[in-house]
Amino acid sequence: MDSQSGQRRLDKAALVIGLALAVLGLLVFYDASKLAGGSYARIGPTAFPYAIAAGLLVLAVWTIIEAVTGRFPPRERDSIGPIAWIVGGLAAQALLLHVGGFSIATGVLFAATAAAFGKRQIWKTLPIGILLSLAVWGVFYGLLRLRLPAGPIENLFL
């Protein structure tokens with residue numbers, strides 16, 4: 001709301017997000033129309049893509065209406081520090097995944113995310129993240145029979 005005139009103002013960021021959702025919904029709808037395959041009781045491989053496209057389009061219309069009417073609550077300013085920790089953790093995970101394995105790479109991401117939320121004791125959060133990631137790797141490897149990238153820690157269990 002404009003504080004001087006009492007009128008609501010167009011939320012440009014929300015409008016861009018609404019338009020992006022609309023484009024994404026239309027792309028999913030178009031892609032779903034190109035799928036082919038068998039169906040059982042009129043439910044085939046296109047059912048879920050069409051449902052996702054419809055959901056995206058509903059969200060797009062809703063977001064655009066909210067943006068035009070200016071009913072979004074005011075947003076807080078972004079703090080670059082936590083964002084940098086998380087983006088850095090994601091980059092480190094991507095770089096370490098095939099070198100250090102799933103546990104080490106995801107443990108680094110866990111520690112960086114914890115640092116972003118204010119827990120800066122890397123000496124504590126890194127081993128906790130590695131152990132939690134090792135447990136996740138064990139569930140995927142042992143129970144689900146899915147192979148995540150293995151590194152030196154995982155090779156101890158192979």
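Mentor: Helices (H or I, at least four residues) and strands (E, at least two) are runs assigned by DSSP and numbered from the N terminus. This is a predicted model, in which local features need pLDDT of at least 70 and side-chain atom pairs count only at pLDDT 80 or more, while totals for chains, interfaces and linings use all residues. Residues are numbered from 1 along each chain as its sequence is written, and side-chain values use heavy atoms, with hydrogens and water left out.

Trainee: OK, so how many helices and strands does the protein have?

Mentor: There are five helices and zero strands, which gives the pattern α-α-α-α-α when you read along the sequence. The protein is more spread out than a compact globule, because its radius of gyration is 23 Å, well over the 15 Å that the globule rule gives for 158 residues. That radius is taken over C-alpha atoms, and the rule is 2.2 Å times the number of residues to the power 0.38.

Trainee: What box do the C-alpha atoms fill?

Mentor: Along the principal axes, the box is roughly 65 × 55 × 20 Å. Within the protein, 24% of the 158 residues are buried, where buried means under 20% relative accessible area, exposed over 50%, and partly exposed in between (1.4 Å probe, protein chains only).

Trainee: Let's look at α4, then: which of its residues are buried?

Mentor: In α4 the buried residues are T125, G129, I130, S133, L134 and W137, and they pack against α3 and α5. The length of α4 also agrees with expectation, because 22 residues at 1.5 Å each should span 32 Å and its end C-alpha atoms lie 30 Å apart; the expected span is 1.5 Å times one less than the number of residues.

Trainee: And what is T125 in contact with?

Mentor: T125 belongs to helix α4 and counts as buried because its relative accessible area is 5%. Once neighbours within four places in sequence are set aside, T125 is in contact with F110, A111, A114 and K119, where contact means heavy atoms within 4.5 Å.

Trainee: Switching to α3, where is F102, and what does F102 touch?

Mentor: F102 is in helix α3, and it is buried, with a relative accessible area of 14%. Not counting residues up to four places away in sequence, F102 touches L97, G107, S133, V136, W137, L148, P149 and E154.

Trainee: Is T106 buried or exposed?

Mentor: T106 is buried, because its relative accessible area is 15%. It also sits in helix α3, which covers residues 80–116, and under the rule that leaves out residues up to four places away, T106 touches Q93 and S133.

Trainee: What happens just after α4?

Mentor: There R145 takes a positive phi of about 60 degrees, in a residue other than glycine. R145 lies in the loop between α4 and α5 and is exposed, with a relative accessible area of 58%. L146 is found in that loop between α4 (122–143) and α5 (152–155), but L146 is partly exposed, with a relative accessible area of 45%.

Trainee: Last one: how many of the contacts join residues at least 24 apart?

Mentor: Among contacts between residues at least 6 apart in sequence, the share joining residues at least 24 apart is 54%.
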